[in-house]
Amino acid sequence: MKVAVAGCCHGALDKMYETLELLQRRHNVRPDLLLCCGDFQAVRNEADLRCMAVPAKYRHMQTFYRYYSGEKKAPVLTVFIGGNHEASNHLQELPYGGWVAPNIYYLGYAGVVRFRGVRIGGISGIFKSHDYRKGHFECPPYNQQTIRSAYHVRNIEVFKLKQLKRPIDIFMSHDWPRSIYHYGNKKQLLKMKSFFRQEVESNTLGSPAASELLQHLKPTYWFSAHLHVKFAAFMQHETNSKEELPKATKFLALDKCLPHRDFLQIIDVEHDPSAGDSLEYDAEWIAVLKATNSLINVTQSTWNMPEKNGLHAKWDYSVTEEAIKEVLEELNHDLKIPCNFTLTAACYDPSKPQKNMEPVHTINPQTTEFCAQFGLTDINDRIQQAKEESSGRGECEEEEEEEMDSTGSAEEPSEYNTDNSGLSSFNPDEIMLDEEGGDEDLSTCSVDPSPDHPPEFSTSFSDIRIMPDSMAVSSDDAMDSNNEELEKSGGSKQVEEKSSTERSLKRIGGDENGNSGVKKIKRRNQAIYAAEDEDK
């Protein structure tokens with residue numbers, strides 16, 4: 001089957017779907033599935049905009065709300081993961097995944113599903129070591145810290161995915177697995193993005209957690225986004241025994257969704273012709289969720305997942321064939337994910353803007369139904385209980401820390417020493433928020449919705465690449481070979497990116513001592529949401 005893969009969507013759903021329709025008209029190619037690697041921005045209304053970690057002037061309604069309201073419907077089944085610029089309050093409603101609109105499915109904090117026999121997994125967010133070992137404690141209304149930490153990857157999601165034994169066909173992450181750049185045309189990557197050089201040479205670019213999953217899962221394909229550059233790599237995995245067949249992963253990072261950008265990729269994936277056209281649960285993944293349910297933590301307590309180190313009574317939570325069979329029997333061997341999308345918030349109305357709409361913590365009926373069906377903990381319900389118990393102290397994140405389960409430990413050091421989501425250097429192709437200080441008062445920030453009828457995009461067909469039979473890049477030739485795809489997607493942007501790097505972005509503010517002065521904002525691309533200006 002044909003699978004379309006997109007990088008950072010940034011709410012431009014109309015652009016994505018129009019490009020796919022153009023592909024069909026011009027080349028008679030119709031994808032069966034669309035995958036999006038984060039920064040999807042499922043923004044329903046003005047309150048959702050307040051929960052998106054970007055400066056207020058970059059908060060635009062875009063076009064998702066039309067699909068949420070039913071005004072439009074996605075023309076192709078769309079599956080996505082979360083990134084670091086999301087309506088976190090909306091996605092938080094679906095920690096185990098669910099429909100954000102008809103025909104648009106979110107994988108949750110981490111998840112695995114099946115489509116036509118193809119096994120698709122993913123993990124949402126980006127890596128930050130200082131939040132990695134915490135629970136999912138955040139809830140709206142967010143403050144300056146939790147609006148960022150809400151999208152940081154947690155060790156429990158990585159631990160769950162590492163319990164999988166069956167092969168994964170496709171895996172998605174927002175930030176790149178650390179070290180993957182050593183398996184592709186690194187020379188061309190640094191030619192296009194010279195500001196990555198220090199991190200590439202020190203091997204600190206990318207997520208160590210994603211790298212750990214790549215080594216463990218060994219999927220056939222791995223897709224990422226985040227860095228706003230197209231890059232292909234081919235990683236041959238080491239075998240653990242002579243009997244084990246060698247495995248390799250084809251990695252592809254996608255550019256952001258903007259006019260004249262090479263942001264879509266079409267690949268042919270082997271599938272089961274006898275399988276139906278419905279999105280399905282993965283029985284092993286459901287069994288893993290059931291097995292690890294006792295590990296759920298909704299506090300700021302930091303702890304490591306169980307390991308075989310003498311500190312834990314149990315450390316292996318992988319599931320048996322019998323446990324998988326039990327899941328199948330629970331579902332009567334019908335794995336079809338129910339189309340139970342439900343509106344849980346008012347939809348944006350261009351004729352009646354509500355700039356003062358406040359976000360609220362919502363329990364989504366999809367999550368309630370899913371947890372009841374499989375006997376799982378509703379994370380948001382647990383957070384709500386914790387809030388009620390600590391209501392006397394006010395803010396959600398100040399709740400009392402729960403007593404740690406005997407299967408985990410709060411005393412162990414983090415397995416990752418660096419606090420690096422893969423992007424510590426200035427990158428003009430990505431927004432970097434100031435992690436220490438806020439960009440604006442979240443309670444009074446302005447909202448700037450886009451017009452009801454956004455300007456038409458160019459019909460240039462440079463936005464699509466159809467994947468060749470093999471996108472393998474030999475690591476032996478990585479430094480000297482010419483990566484044709486990378487040349488096409490980046491050659492024309494080098495002068496613009498260089499000048500953008502040299503620009504200093506500043507704002508007026510006071511320092512900790514009350515002194516007025518100029519404060520630099522760590523922002524990688526001030527024009528990420530001003531797509532038209534950037535590409536004209």
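Q: Why does the span between the end C-alpha atoms of helix α1 (residues 13-27) agree with its 15 residues?
A: Happy to start there. The expected span of a helix is 1.5 Å times one less than its number of residues. For the 15 residues of α1 that gives 21 Å, and the end C-alpha atoms are 21 Å apart, so the two agree. Helices here are DSSP runs of H or I with at least four residues, strands are runs of E with at least two, and both are numbered from the N terminus. Keep in mind that this is a predicted model, in which local features need pLDDT of at least 70, side-chain atom pairs count only at pLDDT 80 or more, and totals for chains, interfaces and linings use all residues. Residues are numbered from 1 along each chain as its sequence is written, and side-chain values use heavy atoms, with hydrogens and water left out.

Q: Which residues of α1 are buried?
A: Buried means under 20% relative accessible area, exposed over 50%, and partly exposed in between (1.4 Å probe, protein chains only). In α1 the buried residues include Leu13, Tyr17, Leu20 and Leu23, and also Asp14 and Lys15.

Q: Which residues have the most contacts inside the largest nonpolar core?
A: In soluble globular proteins, nonpolar side chains tend to be buried together. A nonpolar core is a set of buried Ala, Val, Leu, Ile, Met, Phe, Trp, Tyr and Cys residues joined through side-chain atoms within 4.5 Å. Here the largest one has 122 residues, and Phe40, Ile104 and Phe223 have the most contacts inside it. Helix α11 (residues 283-291) gives the largest share, 6 residues.

Q: How does strand β7 (residues 118-123) pair with β6 and β8?
A: Two strands pair if DSSP finds at least two bridges between them. β6 (residues 110-115) runs antiparallel to β7 over 6 bridges, with Ala110 partnered by Ile123. On the other pairing, β8 (residues 170-173) is parallel to β7 over 4 bridges, and Gly122 is partnered by Met172. In β7, 6 of 6 residues are buried.

Q: Where is the pLDDT below 50?
A: pLDDT is the predictor's confidence in each residue, from 0 to 100. The chain's mean is 80, and 72% of its residues reach 70 or more. Residues 443-536 are below 50, yet have 213 contacts beyond near neighbours in sequence in the model. Where pLDDT is low, the predicted coordinates should not be read in detail.

Definitions and conventions. Contact = heavy atoms within 4.5 Å.
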